[in-house]
Amino acid sequence: MEREGFSNDQVDQVLGHLFSGLAVFYAEICEWLIDADLSQRFLADGARTLPEWVSARFGLRHSTAAQLVRVARRLQDLPRLREMFATGELSLDQTDAISKLVSPETEEAVIEECLGLSNAALDRAARRANPPSTAEEREAWRERWLSIQYTLDGIRAHMNADLPGVEMSLVESAIRERADRMPPNPDSGIFDPYPQRMADGLVELSTTTGDEHASGPTQIVVHADLDALIESSETGVAEVQGGPVIANETARRLSCDPLVECAVYDHTKVLGIGRRSRLIPAWLRHQLWHRDGGCQFPGCGTRNFVQAHHRTHWADGGPTDLDNLILLCGYHHRFLHEHGWVIEDDGCRKHVFRRSDGQIYPPIRPRLDPRLRVLVGQRT
Ligand SMILES: [Zn+2]
Ligand SMILES: [Zn+2]
């Protein structure tokens, strides 16, 4: 379709309203799904569950259908979230993640904190708010498997596995550690794409000798609240760095092993080394990874080649403390220096990005334009 003659701002605005409209449609669908849920009409169509019916009836992926039904059911008790979804201020994915974080009592305050967070950050917060139980960890372990299948001619083979998240983190960290050290391809002189280096890392992992392994054991880092490590405690959260949230009992098991580095938080200290050095010690780098989990530039989240950026530069008196550091990938790190972007703290959100022209990025989503509401035809 011809789109010439529109300024960037107009395109931006139109897309903003279309996405708001999409959210309004989804919100409206959720309302009707509750009716379908109550009437159980899906049983008559041979579906066992509502998501199964929605998926079959309307041609959605099962995961999308399940997400819509999940959101519809949760919104029943969350009037403020329901309203923001219905006005198009929050997308389906945002509404889904925030609905896992709030209760009817905490709704107002938590939504405020969530606005402006990336979807990756919201999903992670939701995972931390709903850690797995010991029984679920046991179940994941019981159902572990790995299979290797060769093609008939034996030229290629596929490997598939299903492991508990913690064990897969160990495998992943060992492969990544080797992938990160792979030299450039000697034929091309440049680095192969990362997935290919991961494959090389796996092969190298399998061909290194025991001696080599003993000198540099694979490490995962577990970040645990002090509470989570106290026997039969139900509070506190434990998480593998760059990996899953784990049951408290699993965290206790891992913290017994001296090869697993365990960072324990008591939530009372300022973390950092202040003005002593601009170099970031390994333990502080781990805490930074734990907090950010990847590049914090809106929409990025990459975990490869990230760098720690001092928000107030070391040369301008900025301390090497967690509060003054943020992870950015190499590409986006330039935006904060050469391209004049800044990161601000608006009191509610820690990392608000502002473009060099002074605009906040990403901009706040518009409510659906009342003139477009006719198209959506909301029920009253
Ligand atoms: Zn920097
Ligand atoms: Zn980035």
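## Salt bridges

Arg181 forms a salt bridge with Glu177, and their closest N and O atoms lie 3.4 Å apart. A salt bridge here is a side-chain nitrogen of Lys or Arg within 4 Å of a carboxyl oxygen of Asp or Glu. Arg181 is exposed at 52% relative accessibility. Glu177 is partly exposed, with a relative accessible area of 37%. The burial classes are set as follows: buried is under 20% relative accessible area, exposed is over 50%, and partly exposed is in between (1.4 Å probe, protein chains only). Side chains of opposite charge can pair when their charged atoms come close.

The structure is a predicted model, in which local features need pLDDT of at least 70, side-chain atom pairs count only at pLDDT 80 or more, and totals for chains, interfaces and linings use all residues; side-chain values use heavy atoms, with hydrogens and water left out. Residues are numbered from 1 along each chain as its sequence is written, while chains are lettered from A and ligands numbered from 1 in the order in which they are written. By the rule above, the count comes to 21 salt bridges.

## Two further pairs and a network

Arg41 pairs with Asp45 in a salt bridge, with the closest N and O atoms 3.2 Å apart. Arg41 is partly exposed at 42% relative accessibility. Asp45 is partly exposed too, at 45%.

Arg354 and Glu344 also meet through their side chains in a salt bridge (3.0 Å, N to O). This pair links distant parts of the chain: Arg354 sits in strand β10 (residues 352-354) and Glu344 in strand β9 (residues 342-344), 10 residues apart. Helices (H or I, at least four residues) and strands (E, at least two) are DSSP runs, numbered from the N terminus. Arg354 is partly exposed at 24% relative accessibility. Glu344 is partly exposed at 30%. Elsewhere, salt bridges that share partners join Arg70, Arg74 and Asp96 into one network.

## Helix α5

Helix α5 spans residues 92-101 and holds Thr95. Seven of the 10 residues of α5 are buried, so the helix is largely enclosed by the rest of the structure. The buried residues are Leu92, Gln94, Thr95, Asp96, Ala97, Ile98 and Ser99. Their cover includes α1 (8-39), α3, α4 (79-86), α6 (107-114) and α7 (119-129).

Thr95 has a relative accessible area of 0%, so it counts as buried. Neighbours within four places in sequence aside, Thr95 is in contact (heavy atoms within 4.5 Å) with Val71, Leu75, Leu81, Phe85 and Leu90.

## Zinc site

Three histidines supply the protein donors of the zinc ion (ligand 1): His309 through ND1, His333 through NE2 and His337 through NE2. These donors lie 2.0 to 2.1 Å from the zinc ion. Donors are N, O and S atoms within 2.8 Å of the metal (3.2 Å for Na, K and Ca); water is not among the atoms, so sites may look incomplete.

The donor residues are spaced H-x23-H-x3-H in sequence. His333 and His337 both lie in helix α14 (residues 330-337). They are four residues apart, about one turn of the helix. His333 is buried, with a relative accessible area of 15%. His337 is partly exposed at 39%.

## Domains 3 and 4

The domain assignment gives domain 1 (8-131), domain 2 (163-215), domain 3 (219-268) and domain 4 (269-363). Such bounds come from an automatic or database domain assignment. The centres of domain 3 and domain 4, taken over C-alpha atoms, are 25 Å apart. 11 residues of domain 3 are in contact with eight residues of domain 4.

Domain 3 and domain 4 bury about 800 Å² between them, 53% of it on carbon and sulfur atoms. In domain 3, His223, Gln241 and Tyr265 lose the most area to domain 4, together 46% of what that side buries. Buried area is the accessible area (1.4 Å probe) that two parts lose on being put together, summed over both. Zero salt bridges are counted between domain 3 and domain 4.

## Chain and confidence

The protein chain has 15 helices and 11 strands. Its C-alpha atoms fill a box of roughly 70 × 60 × 55 Å, taken along the principal axes. Of the 380 residues, 34% are buried.

The chain averages a pLDDT of 86, and 93% of the residues score at least 70. pLDDT is the predictor's confidence in each residue, from 0 to 100. Confidence is lowest in helix α11 (residues 210-215), at a mean of 48, and highest in helix α3 (residues 62-75), at 96.
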